[in-house]
Amino acid sequence: MQLPAFLAVVLIVSGVWSLAVWPQFLRRVMKDPRARDANGKATRFLTVHVVLVSISMVLGAATAAIGIAALVS
């Protein structure tokens, strides 16, 4: 299947957006007082957000890679 160049660029932009935005979000979450308990241990709040950010970044990288592959082929 051939993907039009415009759609390949949309995938690349979407992937780059995810890779740029999610780390900033994680930095804010890590500074949030709900991220650690009184002993400094990670809370479920932090764990859930780390998983969310990790999955989103993997999907963002895959989206960008698909867009690049479609643009190059």
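A: Let us start with a definition: rings of Phe, Tyr and Trp, with the six-membered ring used for Trp, form a pair if their centres lie within 6.5 Å. Please keep in mind that this is a predicted model.

Q: How many aromatic pairs does the structure hold?
A: The structure holds one aromatic pair. The partners are Trp-22 and Phe-25, with 5.4 Å from centre to centre and 90 degrees between the planes.

Q: How do I read those two values, and is the pair stacked or edge-to-face?
A: A pair of aromatic rings is described by the distance of the centres and the angle of the planes. Planes over 60 degrees apart count as edge-to-face, and the pair of Trp-22 and Phe-25 is edge-to-face.

Q: Is Trp-22 buried or exposed, or something in between?
A: Buried means under 20% relative accessible area, exposed means over 50%, and partly exposed lies in between. Trp-22 has 23% relative accessibility, so it counts as partly exposed. Phe-25 is also partly exposed, at 24%.

Q: What about Trp-17?
A: Trp-17 lies in helix 1 as well. With a relative accessibility of 60%, Trp-17 counts as exposed.

Q: How far apart are Trp-17 and Met-57 in sequence and in space?
A: In sequence they are 40 residues apart, while their C-alpha atoms are 9.7 Å apart in space. You can read Val-50 and Leu-26 in this way too: 24 residues apart in sequence, and 7.0 Å apart from C-alpha to C-alpha. Val-50 is in helix 2 and is partly exposed at 32% relative accessibility.

Q: Which residues does Ser-56 contact, leaving aside its neighbours within four places in sequence?
A: They are Ser-18 and Trp-22, so you meet a member of the aromatic pair again. Ser-56 lies in helix 2 and is buried, with a relative accessible area of 14%. Its side chain also reaches the backbone oxygen of Leu-52 at 2.9 Å.

Q: How many salt bridges does a search of the whole structure find?
A: Here is the general idea: side chains of opposite charge can pair when their charged atoms come close. The search finds one salt bridge. In that bridge the side chains of Asp-32 and Arg-34 meet, at 2.8 Å from N to O. Arg-34 is exposed, with a relative accessible area of 52%.

Q: Which side chain has a polar atom 2.5 Å from the backbone oxygen of Arg-34?
A: That is the side chain of Thr-43. Thr-43 is placed in the loop between helix 1 and helix 2, the latter covering 44-72. Beyond neighbours within four places in sequence, Thr-43 is in contact with Arg-34, Ala-35, Arg-36 and Asp-37.

Q: Which residues make the nonpolar surface patch?
A: Val-9, Val-13, Ile-68, Leu-71 and Val-72 make a patch of about 450 Å². Helix 1 and helix 2 are the elements that give two or more residues to it.

Q: Which helix gives the most to the nonpolar patch?
A: Helix 2 does, with three residues. Take Leu-71 as a case to look up: Leu-71 lies in helix 2 and is partly exposed, with a relative accessible area of 43%.

Key: Residues numbered from 1 in each chain as written. Predicted model: local features only at pLDDT ≥ 70, side-chain atom pairs only at ≥ 80, totals over all residues. Heavy atoms only, no water. Phe/Tyr/Trp six-rings, centres within 6.5 Å; stacked < 30°, edge-to-face > 60°. Buried < 20%, exposed > 50% of the residue type's maximum accessible area, 1.4 Å probe, protein only. Helix = DSSP H or I, 4+ residues; strand = E, 2+ residues; numbered from the N terminus. Polar contact = N/O pair within 3.5 Å; in protein donor to acceptor, adjacent residues only side chain to side chain. Contact = heavy atoms within 4.5 Å. Patch = residues over 30% accessible without salt bridge, like charges linked within 9 Å, V, L, I, M, F, W, Y side chains within 5 Å. Areas by Shrake-Rupley, 256 points an atom, 1.4 Å probe, with all protein chains shown as cover. Salt bridge = Lys/Arg side-chain N within 4 Å of Asp/Glu carboxyl O.
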